[in-house]
Structures are given as structure tokens and as C-alpha cells.
Amino acid sequence: MAHATLPLVSGGEKGYPWGKRENIVNTAEKCEIVIPARLASTRLPGKILLAETGKPLIQHVWEGACQSKKASGITIATDDEKILRTVEAFGGRAVMTSRLCACGTDRIAEVAREMPDVDIFVNVQGDEPEILGDAIDTVASLLLENPQAVMATLATPIREKAKLDDPACVKVVFDRNGRALYFSRSVIPYPRGGWDDAYLSVQPPMFYQHLGIYAYRRDFLLKISTLPQTVLEKTESLEQLRVLENGYDIRVGVVPYAGIGIDTPEDYREFVAKWQATHMENRNSGEAR
């Protein structure tokens, strides 16, 4: 059965069930968080709706996004009515998008076409349950404070050799002005003179992990979503390389932490264990008072 796109909406005003937020920082430009969410996943099917914590994974992401002080709203963009109903149940705002969207960027662009009053869109991954409002505000600020910038993302230092060697950990290098030079699943920069463990502790850091959060100006988002895939993008399977190959800048901000991204059953078990430990600690602390 074909699905209508975008008119089907659920949840409270602009993604906040309690109405307008009082702690939003007033800016001349309007910022919207969009969380792409689909059920299909190669290594962990249906992960968006896993709920061993008592909450579906997508709700954890949404609650983290709600801590942003710069965003005026949150929209969950999905292609599945199960996700739509789940979001509605916990009070979020969701829209149906086309199942033909090739990637999260295309899904966000579909939302952006229907929101001409929004200047900046922040793409928060639907499988990042530890996302912090501070991280969202940091990436949004890279555009809010730099009118000439069209796209921004975040990175964090890599301090473990196993992570550096893991192709699932995307690396990024950037220039002294914070403009991305390249993203890769390989080790970049490559230590041509041989490996030294000291590389992992130098200051400033030598290696950075790219975090899958982006901010786009609306016009630029609509433009890049129409560009064909590029050679480097296909080779590395990294859609941000389409931007660099077409000659556009990506601003990179650095944060000191990287939350858990849920790609495998092991990732989810680790997240649940950490959440349960934190939840128990907080409960015991409350009882002690």
C-alpha cells in the first residue's frame, strides 16, 4: 500500500508535548531538529523500537534532543507507521516520509521542503540514545555564529587503538579553521614513520572520530539532496563526502565525548546495562535523601 508523505503528523506542538519551551535561546534564525527513523537495519533490525529499558530507543534519542536550548522544535521523520504510533504514544511529533529516500539526508530534505520558515536543520541519528542537548547546540552554533557556513558536524578525539583501527569508526581530519579535509573509515592521518602509542595521547589530538550529527542551512540541504552520489561517497559509503567532492565546506566542532551508537545487539546490550546502572544509582541516591 502506498503511503502519503508528510501530511500525516502526530504529537504536540513542534515536537514538544508540553507546548512552547521557555528555555529556548532566541536567535534570528530558526532551528529544527529532525531525527530520521526507519525500521530497516542490516545488523539489528527494528532497533529503533527496542525497549528493554522500558522506553523505545527512539524515545531516548528524543528525550536527549529535548535538552537543546537552541532548537525550536523536534520532528521524527519515518517511513513506518509503527514508529509513527510509537512516537505519538510518548508525545513526540512525527511525519511520514517516502520509503524511497536513499539516506537520512534525503529524508530530512523531504521534511525541510514542507518547513520554509526554518533556517537551520539539525540531523540527529535515530540510533544515538546518549545524544546530549549540548552537542546539538554546539553543531547548530557553528552555523548560527558563522553566516557563511552552510553545513557543520562534530568530532571527538580518539584515544584507543582499537577504535582507530575499526572501520565502523569514521575518522575526520580538518584544517586550522575547522573545515573538514576528508572523512574516512581508514586511519587518517596515516603515521608513515611507523606506529607509536604516544600518538593516542598527544595534545592537540592527532586522531578524531566523526560523530554522526549534522547541521544544514535549508537551501543547502535541499540542494545537496538533489546531487548524484559521488565516487568517494560510494567507495567509503559516507554520504558527507558528496559535499566535499562538490566543493562545499563542512565546519567541524570538537566535543570531549562520544555517545553509544546502536549498530549491533552488543551495542544495545551495553547501552541497556549502562542505563540500568545509572537508573539504579539515581534511585538509590534519591532514597538516601
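Colleague: How many cavities of 30 Å³ or more does the count come to?
Modeller: One. Keep in mind that this is a predicted model.

Colleague: What volume does the largest cavity have?
Modeller: About 70 Å³.

Colleague: Which residues line the largest cavity?
Modeller: Cys103, Thr105, Met151, Tyr214, Tyr216, Ile224, Glu239, Gln240, Arg242 and Val243. Two elements give two or more residues to that lining: β9 (208-217) and α8 (241-245).

Colleague: And how do the lining residues divide into nonpolar, polar and charged?
Modeller: Six are nonpolar, two are polar and two are charged.

Colleague: Step back a bit. How many helices and strands are in the protein?
Modeller: Nine helices and ten strands. The protein has 289 residues, and 49% of them count as buried.

Colleague: What share of the contacts with a separation of 6 or more comes from residues 24 or more positions apart?
Modeller: Such residues account for 71% of those contacts.

Colleague: On to packing. Which residues touch the most other members in the largest nonpolar core?
Modeller: Ile33, Ile35, Ile76, Val122, Val124 and Ile213. That core holds 37 residues. Helix α4 (residues 133-144) gives the most to it, with six residues.

Colleague: Which other core lies apart from it?
Modeller: One of 29 residues. Its members include Ala109, Phe183, Leu221 and Val252. As background, nonpolar side chains tend to be buried together in soluble globular proteins.

Colleague: Take Ile76. What does Ile76 touch, not counting residues up to four places away in sequence?
Modeller: Ile35, Ala37, Ile58, Trp62, Val87, Phe90, Arg93, Ala94 and Val95. Ile35 is also on the list of core residues that touch the most other members.

Colleague: Now charges. How many salt bridges does the count come to?
Modeller: Eleven. One of them joins the side chains of Lys47 and Asp263, at 3.7 Å from N to O.

Colleague: Is Lys47 buried or exposed?
Modeller: Lys47 counts as buried, because its relative accessibility is 10% and the cut-off for buried is under 20%. Asp263 is partly exposed, with a relative accessible area of 29%.

Colleague: Which residues are linked with Lys47 in a network of salt bridges?
Modeller: Asp127 and Asp263.

Colleague: What about bridges within a helix? Where do Lys161 and Asp165 lie?
Modeller: Both lie in helix α5 (residues 161-165). They are four residues apart, about one turn of the helix. Lys161 is partly exposed, with a relative accessible area of 30%. Asp165 is partly exposed too, at 42%.

Colleague: And where do Arg269 and Glu266 lie?
Modeller: In helix α9, three residues apart, again about one turn of the helix. The two side chains meet in a salt bridge, with 3.2 Å from N to O. Glu266 is partly exposed, with a relative accessible area of 48%.

Colleague: Backbone checks next. Is the peptide bond from Ile188 to Pro189 cis or trans?
Modeller: Cis, with omega near -5 degrees. Pro189 is in the loop between β8 (180-184) and β9. The bond from Gln203 to Pro204 is also cis, with omega near -5 degrees. Pro204 lies in the loop between β8 and β9 as well.

Colleague: Is phi of Ser237 positive or negative?
Modeller: Positive, near 55 degrees, in a residue other than glycine.

Colleague: Where does Ser237 lie?
Modeller: In the loop between α7 (231-236) and α8. Ser237 is exposed, with a relative accessible area of 52%, because exposed means over 50%.

Notes
Residues are numbered from 1 along each chain as its sequence is written. This is a predicted model: local features need pLDDT of at least 70, side-chain atom pairs count only at pLDDT 80 or more; totals for chains, interfaces and linings use all residues. Side-chain values use heavy atoms; hydrogens and water are left out. A nonpolar core is a set of buried Ala, Val, Leu, Ile, Met, Phe, Trp, Tyr and Cys residues joined through side-chain atoms within 4.5 Å. Buried means under 20% relative accessible area, exposed over 50%, partly exposed in between (1.4 Å probe, protein chains only). Contact means heavy atoms within 4.5 Å. A salt bridge is a side-chain nitrogen of Lys or Arg within 4 Å of a carboxyl oxygen of Asp or Glu. On a 1 Å grid over the protein atoms alone, a cavity is a set of points where a 1.4 Å probe fits but cannot get out, and a pocket is an open set with protein on both sides within 12 Å along at least five of seven lines; lining residues have an atom within 4 Å of a point. Grid points are joined across faces, edges and corners, and a volume is the space filled by probe spheres set on the points. Ala, Val, Leu, Ile, Met, Phe, Trp, Tyr, Cys and Pro count as nonpolar, Asp, Glu, Lys and Arg as charged, and the others, Gly among them, as polar.
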